[in-house]
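Here is a short report on one protein chain. Keep the sequence and the 3D view open as you read.

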Amino acid sequence: MAVRQADVVLVGGGVMSATLGMMLRQLDPSLDIVMVERLDHVAHESTDGWNNAGTGHAGYCELNYTPETDDGDVEIARALQINAQFEVSLQFWSYLVEQGILPEPSTFINRTPHQSFVWGEKDVAFLKRRYERLKEHHLFREMEYTESPDDLSEWMPLVVKHRDPMQRVAATRIKHGSDVDFGSLTRSMVEWLETQPNFELMLSSPVHYIDQRDNGRWKLRVKNQKTGELTKLEAGFVFLGAGGGALPLLQKSGIDEARGYGGFPVSGQWLVCQKPDIVEQHDSKVYGKAPIGAPPMSVPHLDTRIINGEPALLFGPFAGFTTRFLKQGSVFDLFGSVRATNLRPMLSVSKSNMDLTRYLIGEVFQSHGDRVESLRNFFPDAREDDWKLQMAGQRVQIIKQTPEGGGKLEFGTEIVAAKDGSLAALLGASPGASTAANAMLNVIERCFPEKLKTDQWQERMKELVPSYGQSLVSDEQLLDRVRKRTLSTLKLG
């Protein structure tokens, strides 16, 4: 059997692999790139529009990114970091739009105000402190705060209509927030890549074998599920961007850096309304506070969504316990990921997170009426018949070994790379797709360090992301230049 030689193999057809493939193509058009996807089309797992929140996660409305400290203060460092990372994505997408690589921005991103909404004395006090802390920083200077019934009626009419007038409520708003259809974005990037030389997309082709040769190159075997044809691939660099499927493949790679990692899978569901008379009354993403014991992905929010050009309202997500690592995965995924090297961390996490497990199982057994009752915290007039349940994507939270040998459950994303830079994997979930450009810059820095030192790659990187190598968190003038361009190019201003 002939071996298909390549410079780069991208495993998974989601937003991460597509972003990395696009960046590498822009940096060096001569690279021979192969993308392999286990399903029969790209962007169908976590990247698909119905499988994620579609929030351009910028820290504007997500209260879990600004935790309250023991002394009553609000920690904003993570919100600043995530905001700056999302600005990197906006810059990269702006470049692709300007070059005609991506289509009209409204096909994948739309201006949707980002709002936080809370009720009760304690949470109102928290939101006001959060606003005061964030407003001081240039990244969040456009944030507004209100407790005014008139303002709230303008900002979020569905949320406040027929609400108890004695209930104390408050909200914040950033007008230039966004809703992102990551599925459409990814399909557009892959469609363009397919028009380029030295790029091949292999669909219905899961990876069955991966191993590193003595010369440092990687051997992979993929099998076409429709034809049964086996293909051998060999590449100098492999990226595992297969969502929940990345961990098992990382384990198969055998690299030392994979030792101790495990996964904690969580499922999700949305309540969806597509009735025009209701949808047209809400034009924002309204985030609240997560229930005690809930994972960060379960922060409740009522969202305007535009998926494949069609508007809808989503509420949720409602989390649940699962043993699948992918929406179209196997119930044995979790058990198959257990290794001698991660058994202790996984058992440790299971023991220390029983409250989370009980919460997830309880979510599974909720009735439709129970879910709509939760929705009424955000939309008091919600009727059961107007909403249907929609399955969301699977998320695999990272279980990471601690120095003491136990385990810790991580709720962010993490890049695991071989020390020789020949393989990298992206693990974890939120904020996920929104920070894809920043995450893939990290992969390039760690895995292509010598090429990145060249004048050619440095100049190109500055074209792709003008703020590259500088800090948007500390440089206000740089942010002004960058944000003015991206809001204009992507029609978010």
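## About the model

This is a predicted model, in which local features need pLDDT of at least 70, side-chain atom pairs count only at pLDDT 80 or more, and totals for chains, interfaces and linings use all residues. Residues are numbered from 1 along each chain as its sequence is written, and side-chain values use heavy atoms, with hydrogens and water left out.

## The nonpolar cores

Start inside. The largest nonpolar core has 86 residues. A nonpolar core is a set of buried Ala, Val, Leu, Ile, Met, Phe, Trp, Tyr and Cys residues joined through side-chain atoms within 4.5 Å. Buried means under 20% relative accessible area, exposed means over 50%, and partly exposed is in between (1.4 Å probe, protein chains only). Trp-93, Phe-239 and Ile-444 have the most contacts inside this core. Helix H2 (residues 77-98) gives the most to it, with 12 residues. Helices (H or I, at least four residues) and strands (E, at least two) are DSSP runs, numbered from the N terminus. Another core, of 41 residues, lies apart from the largest one. Among its members are Ala-6, Leu-220, Leu-249 and Leu-409.

What does Ile-444 touch, leaving aside its neighbours within four places in sequence? Its partners are Leu-20, Met-23, Leu-24, Leu-27, Pro-449, Leu-452, Trp-457 and Met-461. Contact here means heavy atoms within 4.5 Å.

## Buried places

Look at Ser-89 in helix H2. Is Ser-89 buried or exposed? Ser-89 is buried, because its relative accessible area is 0%. Setting aside neighbours within four places in sequence, Ser-89 is in contact with Ser-434, Thr-435, Ala-436 and Ala-437.

Gly-49 sits in the loop between strand S2 (33-36) and H2. Gly-49 also counts as buried, because its relative accessible area is 1%. Gly-49 and Ile-307 are 258 residues apart in sequence, yet their C-alpha atoms are 5.8 Å apart in space. Not counting residues up to four places away in sequence, Gly-49 touches Asp-181, Gly-183, Arg-305 and Ile-307.

Why is helix H7 (residues 246-253) largely enclosed by the rest of the structure? Because six of its eight residues are buried. These are Ala-246, Leu-247, Leu-249, Leu-250, Gln-251 and Ser-253. Gly-254 follows H7, and its phi is positive, near 80°.

## Backbone exceptions

Most residues other than glycine have a negative phi, and most peptide bonds are trans. Now for some exceptions.

His-162 is not glycine, yet its phi is positive, near 65°. This residue lies in the loop between helix H5 (157-160) and strand S6 (169-174). His-162 is exposed, because its relative accessible area is 61%. Asn-308 is another residue other than glycine with a positive phi, near 55°. Find Asn-308 in the loop between strand S14 (301-307) and S15. Pro-317 lies in strand S15 itself (residues 310-321). The peptide bond from Gly-316 to Pro-317 is cis, with omega near -5°.

## A patch on the surface

Which residues make a nonpolar surface patch of about 320 Å²? They are Phe-321, Val-364 and Phe-365. Patches are made of residues with over 30% relative accessible area and no salt bridge; like charges are joined within 9 Å, nonpolar side chains (Val, Leu, Ile, Met, Phe, Trp, Tyr) within 5 Å. A salt bridge is a side-chain nitrogen of Lys or Arg within 4 Å of a carboxyl oxygen of Asp or Glu. Accessible areas come from the Shrake-Rupley method with a 1.4 Å probe; for residues, only the protein chains shown count as cover.

Val-364 lies in helix H11 (residues 354-364). Val-364 is partly exposed, because its relative accessible area is 41%.
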